[in-house]
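Subject: Structure handover

Hello,

Here is the structure we talked about, with the sequence alongside. Please open it first and keep it in view while you read the notes below.

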Amino acid sequence: MNAQTPKGYQGKHTADATSVEEGLAIQEEQAKYDDFATEKAMSNTLLTPRFYTTDFDELDAIDVSSVREDWDVLIARMVSDPNKGHFKKNEDWDHIDWDGMEPGLKKEFIDFLVSSCTAEFSGCVLYKEMKRRGSNRDITRLFQLMARDEARHAGFINDALREAGLRVNLGFLTKAKKYTYFRPKFIYYATYLSEKIGYARYITIFRHLEANPQYRFHPIFKWFREWCNDEFRHGEAFALLMKTDPKLTSGFNVWWIKFFLTAVYSTMWVRDHQRPAFHEALNVDMEWYGQEVFRKTSEISKQIFPITLDIDHRNWKPLLRRMQNANARIAEAREKGGLAGKFGVIAGSIKAGTAFVRLLLIPSIPNEVPVSTRLEPVY
Ligand SMILES: [Fe+2]
Ligand SMILES: [Fe+2]
């Protein structure tokens, strides 16, 4: 099922691409050699994660002079491209018997890969668009570098999927996906958090498997450390962007920060609980994993957010479980269909919504934000 070398890109791999344009062109070319019957069916079910668009002119108007020193260090690091060539299979890539994989695990793992690939590509599209529309040299350069990384990440996940006879059709996604408009400040909160929680998720799995290699059922996890360092740097960039305007992290906006923290954390919890077989294969307790990722993300986000969520509050986990149950109920009701199904969806949604509001009402923990946002990945 291996794709042949695409014409015009002989010997070229997305891992070596130095720009997002090149990375995507290689994948597009390669896609011509793929013939997967399952692809279309899969594309249609790709409802999450979302794709975003924003007010690019407002983003373009950002002046980074107030954070210039840290900005230049970060950009220089990204320009030096420590992960060039990293995201491709090498001798560490063990053979995977996809046909022999337990069907429940296979289904959940493919779902994990597909949604991860879509998330990477969603970032890629947003960053690439910003680079294309902007004229501010600082901003366009940053977004070009981040888009380059995300294109590689998506390409690498597609390499893994290809072995299972699947791939995420990136060209199709660009056209078919609905784009959600977010004001720039919401893009900062949401994207900053998704980059940092992405780091925390990948490094937690990587460290766990480093200590317990017998549970590493697929070689892609070996690539997670360098991978999450890319995401860490992307998060650093958004922290600096927010730092340029103190209004973004004060006053009423603190409520928005709390809203996004709660939404991102609870979404992760609910989605992860939809993959019990995947976590069991990794020998990861889902509640432990969730809390561990929240703890790391909260610790990191103290670099820029004046509050953290109280994830040790007595109502925190019970309310997350309530949301998760409500979600399962909604899924069941959808499957059932008919009037009873509709009723079930409404009842489930009310239950989930109430639990979410109650999560929002848990008092947050104030935090003294440091003068410099600069952090190193230490986990
Ligand atoms: Fe990424
Ligand atoms: Fe990223």
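Lys-107 sits in helix H5. Is Lys-107 buried, exposed or partly exposed? It has 14 C-beta neighbours inside 10 Å, so it counts as partly exposed; a residue needs 20 or more to be buried, and 12 or fewer to be exposed. In sequence, Lys-107 is 30 residues from Arg-77, and their C-alpha atoms are 38 Å apart in space.

Keep in mind that this is a predicted model. The mean pLDDT of the protein is 90, with 93% of its residues at 70 or more. Residues 1-6 have a pLDDT below 50, and in the model this stretch makes 14 contacts beyond near neighbours in sequence. The pLDDT is also below 50 over residues 43-47, a stretch with 7 such contacts.

Next, helix H1, which covers residues 20-31. Its 12 residues should span 16 Å at 1.5 Å a residue, and the C-alpha atoms at its ends are 16 Å apart, so the two values agree. Which residues of H1 are buried? They are Val-20, Gly-23, Leu-24, Ile-26, Gln-27, Gln-30 and Ala-31. Viewed down the axis of H1, these buried residues fall within an arc of 155 degrees, and therefore they line one face of the helix. The cover over the buried residues of H1 includes helix H5 (103-133), helix H6 (137-162) and helix H7 (170-176). H5 is the helix that holds Lys-107.

At 1.5 Å a residue, its 26 residues should span 38 Å; the end C-alpha atoms of H6 are 37 Å apart, which agrees. How many of the residues of H6 are buried? The count is 20 of 26, so H6 is largely enclosed by the rest of the structure.

Now the protein as a whole. Its secondary structure comes to 14 helices and 4 strands. Of its 379 residues, 36% count as buried. The C-alpha trace spans about 55 × 55 × 45 Å along the principal axes. For 379 residues, a compact globule would have a radius of gyration near 21 Å, and the protein has 21 Å, so the value agrees with that of a compact globule. Among contacts between residues at least 6 apart in sequence, 81% join residues at least 24 apart.

Regards

Technical notes:
Residues are numbered from 1 along each chain as its sequence is written. Chains are lettered from A and ligands numbered from 1 in the order in which they are written. This is a predicted model: local features need pLDDT of at least 70, side-chain atom pairs count only at pLDDT 80 or more; totals for chains, interfaces and linings use all residues. pLDDT is the predictor's confidence in each residue, from 0 to 100. Two residues are in contact if their C-beta atoms, placed from the backbone, lie within 7 Å. Helices (H or I, at least four residues) and strands (E, at least two) are DSSP runs, numbered from the N terminus. The expected span of a helix is 1.5 Å times one less than its number of residues. The arc is that of the directions from the helix axis to the C-beta atoms. The radius of gyration is taken over C-alpha atoms; the globule rule is 2.2 Å times the number of residues to the power 0.38.
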